[in-house]
Amino acid sequence: MSGTTTHGGGMAANLLQRSTLDELHSRSDDPAGVAPGDIAVGVIIGRASEYFDFFVYAIASVLVFPSVFFPFEQRLEGTLYAFLVFAFAFIARPFGTVAFMAIQRRFGREAKLTGALLLLGASTAGIAFLPSYAELGFAAIVMLSLLRIGQGVALGGSWDGLPSLLMLNAPQHRRGWYAMLGQLGAPVGFIVAGGLFAYLLANLSDADFLAWGWRYPFYAAFAINVVALFARLRLISTNEYARLLEERELQPTDVIEMTRSQGRNLLIGALAALASYALFHLVTVFPLSWIALYSSRSVSGFLLLQMAGAVLAAVGIVASGLIADRFGRRTTLGILACLIALFSALVPMLMDGGDIGQDIFILLGFALLGLSYGQASGAVSSNFAAKYRYTGAALTSDLAWLVGAGFAPLVALGLSAHFGLASVSLYLLSGAAGSLLALSLNRALEIRD
């Protein structure tokens with residue numbers, strides 16, 4: 001498996017490096033002094049750190065929190081409670097966006113990102129030091145919930161406008177390529193987080209892992225987020241980036257005013273990539289919980305399988321940029337929504353198909369996720385008037401995560417446990433239908449200058 005992973009990752013990395021370097025050379029005379037490749041570096045750094053933090057918490061919600069914070073319940077109910085707390089960050093994220101937009105308007109972009117950095121670091125490090133339910137009782141659950149909300153607020157506040165700036169500055173014929181760059185953070189984050197947990201599970205006893213081992217990924221998440229956010233802060237605080245953001249009108253606007261005038265675009269934006277966001281947790285978090293609860297398979301071995309799937313997702317994300325530039329983002333998203341709808345019908349057969357069926361489910365699901373998720377970011381940014389694009393893109397992303405993915409592990413596990421895996425098929429199918437509906441209402445998926 002390790003040979004396959006290295007080979008697949010190397011192909012994607014070499015293709016990405018060659019294309020981006022070519023683009024950097026072709027744009028070296030940019031009058032603003034900032035090439036799309038430079039912006040891409042900031043986007044990739046920021047997104048990779050966010051996804052690592054995201055998956056550390058998600059994996060812990062399956063493997064750790066039911067035993068550490070909900071030991072008074074059966075394993076299924078404890079996992080459902082953990083998934084409920086997991087969803088709190090997605091609920092809090094839009095509020096964080098609104099609050100930190102106000103901070104930016106009053107104190108500037110640097111103050112906003114610094115505040116988000118401090119809150120995210122404190123929330124993530126706080127989870128690493130939390131006492132268990134056995135030590136503190138119900139107060140431990142309350143503290144976990146508050147820190148999870150803090151993570152969501154901070155992630156909303158960490159929006160820096162770089163993804164929108166990247167797409168607006170990308171060459172007309174390369175916008176699909178540049179749109180997918182930030183999405184590479186998802187498989188990278190999963191591979192690192194999954195690898196950490198797989199190593200700890202394989203080398204620690206269950207008692208040691210639940211007592212102290214699970215805390216180490218949160219220490220790492222804290223350190224990575226601090227470094228990444230400081231790197232982004234240093235990047236966007238330069239005069240060149242400040243001038244470019246202002247020229248593109250990427251500044252926060254009043255949320256109430258934007259919602260009144262752009263509410264339809266917010267809704268379409270949240271639904272356009274719904275199939276991809278629904279699939280996101282149905283191949284990462286949900287199957288891990290299903291295996292932990294209902295299978296005799298090694299959890300650490302299953303994490304390694306998912307890491308191999310994440311490599312396929314990375315290759316798919318890179319390929320999505322080439323496909324979208326060739327056929328258009330709207331066509332690409334529509335075709336992938338149809339393929340996800342077809343894939344939804346296979347969920348019961350594959351997940352109940354033993355090790356081979358589950359392996360196919362993970363590898364095929366991750367491949368589809370990469371192809372669809374690669375173009376899910378900012379799919380309808382062109383719908384927003386220029387002055388609303390900065391705030392609109394941030395809130396669209398928040399709502400897409402909330403509607404499509406925030407409650408997906410909770411709903412999928414709850415439905416499958418009580419009504420069978422066929423209900424998961426219907427859930428994923430509804431996501432694909434939502435995407436196709438939104439795409440049919442929107443015919444302007446390409447960014448306009």
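Leaving aside neighbours within four places in sequence, D398 is in contact with R93, P94 and T97 (contact: heavy atoms within 4.5 Å). The structure is a predicted model, in which local features need pLDDT of at least 70 and side-chain atom pairs count only at pLDDT 80 or more, while totals for chains, interfaces and linings use all residues. Residues are numbered from 1 along each chain as its sequence is written, and side-chain values use heavy atoms, with hydrogens and water left out.

D398 lies in helix α21, residues 389–406 (helices are DSSP runs of H or I with at least four residues, strands runs of E with at least two, numbered from the N terminus). Its relative accessibility is 2%, so D398 counts as buried (buried, under 20% relative accessible area; exposed, over 50%; partly exposed, in between; 1.4 Å probe, protein chains only). D398 and R93 form a salt bridge, with the closest N and O atoms 3.0 Å apart (salt bridge: a side-chain nitrogen of Lys or Arg within 4 Å of a carboxyl oxygen of Asp or Glu). This pair joins distant parts of the chain, helix α21 and helix α4, across 305 residues. R93 is also buried, at 15% relative accessible area.

Helix α4 spans residues 75–107. Its 33 residues reach 47 Å from first C-alpha to last, close to the expected 48 Å (1.5 Å times one less than the number of residues). A kink of about 35° lies at A92, shortly before the proline P94 (the bend is the angle between axes fitted to the seven residues ending at a residue and the seven starting there). Just after α4, G108 takes a positive phi of about 105°.

A network of salt bridges links R297, D355 and D359. D359 pairs with R297 at 3.1 Å between the closest N and O atoms. R297 is buried at 19% relative accessible area. D355 is partly exposed at 46%, and D359 is partly exposed at 24%. The count of salt bridges comes to four.

Helix α12 covers residues 215–236 and reaches 32 Å over its 22 residues. Its buried residues include R215, F218, N225 and R232. Seen down the helix axis, the buried residues of α12 fall within an arc of 145°, so they line one face (the arc is that of the directions from the helix axis to the C-beta atoms). V227 and R234, on the other side, are exposed.
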